[in-house]
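Reader: I would like to go through the labels attached to this model and see what each one rests on. Please set the values against the cut-offs.

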Amino acid sequence: MSSNDKMVDYLVGIGALYSNNIIEAFRNVDRVDFVANPNASDVYEDHPLGIGQGQTISQPRTVAMMMEMLSPQEGQKILDIGSGSGWTTALLAYIAGENGSVIGIERVGELVKFGSGNLKKYKFKNAKIIEAGDELGIKGGMFDRILVSAAADEFPHKLAKQLNIGGKIVIPVRNSIYEMTKKENGELDGVERYGFSFVPLIY
């Protein structure tokens, strides 16, 4: 695929992208701005690419599917864990808009710099990437959406406590992706989707 638009058309064509606000974000946040080598011939191909430090920018199809599961909306407060290249943080910032906010968290210091630099290309005033602390998430933080782009060994219930009522978390656990929503009683309800592969979540 030779352009960002062709990549998005492909993702729409295979059914990975279908929500108008998410499609618009993918069209306006170009993947080339978040890869290690923007001149590479496979920037828009449907596979992960290395960004250094043993980490990757995820496969476009996987990012699209996780965004659709997350269903982010304008005005929401969103946490993006394992922000890596900054691509997912930028997509979420576009969707959340001026009335929303996005915090990207990354454990690898060099990738905090890399992702932050990429994010600055878009001059978002509602988003930032910070280095991860000792605890998963942000202590005392509450969010409408939480996206995790690395695989946990087990579902992190401590992180789910940072979800507002009605909020949603999308997180890989081993080789599955969990899509969970917090109900009025504080319990989580959702689905497990099988057959994925992610770098491990370290915390």
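**Strands, rings and charges**

Author: Strands β8 and β9 run antiparallel and are joined by 7 bridges. The model is predicted.

Reader: What makes β8 and β9 a pair of strands?

Author: The criterion is at least two bridges between the strands. With 7 bridges, β8 and β9 meet this criterion, so they count as paired. One of the bridges involves Lys-182, whose partner in β9 is Leu-188.

Reader: Which strands form the open sheet, and in what order?

Author: The sheet has 7 strands in the order β5-β4-β3-β6-β7-β8-β9, with mixed pairing. β5 and β9 each have a single partner strand, which is why they stand at the edges, with one side of each left without a neighbour in the sheet. From one strand to the next, the twist averages 15°. Helix α4 (residues 87-96) lies across β3, β4, β5 and β6 and runs at about 170° to β4.

Reader: How do you know that β1 and β2 are paired?

Author: The count is 3 bridges, and at least two are needed, so β1 and β2 are paired. These strands run antiparallel. Gly-52 has Gln-55 in β2 as its bridge partner. The hairpin of β1 and β2 has 2 residues between the strands, and Gln-53 there takes a positive phi near 60°.

Reader: Turning to the rings, how many aromatic pairs does a search of the whole structure find?

Author: The search finds 4 aromatic pairs. In one of them, the ring centres of Phe-34 and Tyr-122 are 5.8 Å apart and the planes are at 15°.

Reader: Why is the pair of Phe-34 and Tyr-122 called stacked?

Author: Centres must lie within 6.5 Å for a pair, and planes under 30 degrees apart count as stacked. The values for Phe-34 and Tyr-122 are 5.8 Å and 15°, so the pair is stacked. This pair links distant parts of the chain, 88 residues apart: Phe-34 is in the loop between α2 and β1, and Tyr-122 is in the loop between α5 and β5. Phe-34, Tyr-122 and Phe-124 form one aromatic cluster.

Reader: What makes Phe-34 buried and Tyr-122 partly exposed?

Author: Buried means under 20% relative accessible area, and partly exposed lies between that and 50%. Phe-34 has 0%, so it counts as buried. Tyr-122 has 21%, so it is partly exposed.

Reader: Why is the pair of Phe-155 and Tyr-178 called tilted?

Author: The centres of Phe-155 and Tyr-178 are 6.0 Å apart, with 55° between the planes. Stacked needs an angle under 30 degrees and edge-to-face one over 60, so 55° leaves the label tilted. Phe-155 lies in the loop between β6 and α6 and Tyr-178 in strand β8, so the pair ties together parts that are 23 residues apart in sequence. At 14% relative accessibility, Phe-155 counts as buried, and Tyr-178 is buried at 18%.

Reader: How do you know that Lys-77 lies over the face of Phe-143?

Author: The distance of Lys-77 from the ring centre of Phe-143 is 5.3 Å, and the cut-off is 6 Å. The label also needs an angle within 35 degrees of the ring normal. Lys-77 is listed as lying over the face of Phe-143.

Reader: What makes Arg-27 and Asp-9 a salt bridge?

Author: Their closest N and O atoms are 2.7 Å apart. The limit is 4 Å, so Arg-27 and Asp-9 qualify. Arg-27 is in helix α2 and Asp-9 in helix α1, 18 residues apart. Arg-27, at 33%, counts as partly exposed, and Asp-9, at 42%, is partly exposed. Asp-5, Asp-9 and Arg-27 are linked in a network of salt bridges. A search of the whole structure finds 6 salt bridges.

Reader: Which side chains meet Glu-179 in a salt bridge?

Author: Lys-168 meets Glu-179 at 3.2 Å, N to O, and Arg-193 meets Glu-179 at 2.7 Å. Glu-179 lies in strand β8 and Lys-168 in strand β7, so that pair ties together parts 11 residues apart in sequence. Arg-193 is in strand β9, 14 residues from Glu-179. Glu-179 is buried at 13%, and Lys-168 counts as buried at 12%, whereas Arg-193 counts as partly exposed at 35%.

Methods: Residues are numbered from 1 along each chain as its sequence is written. This is a predicted model: local features need pLDDT of at least 70, side-chain atom pairs count only at pLDDT 80 or more; totals for chains, interfaces and linings use all residues. Side-chain values use heavy atoms; hydrogens and water are left out. Helices (H or I, at least four residues) and strands (E, at least two) are DSSP runs, numbered from the N terminus. Buried means under 20% relative accessible area, exposed over 50%, partly exposed in between (1.4 Å probe, protein chains only). Axes are lines fitted to C-alpha atoms, for helices over the stretch in contact, and angles run from 0 to 180 degrees between N-to-C directions. Contact means heavy atoms within 4.5 Å.
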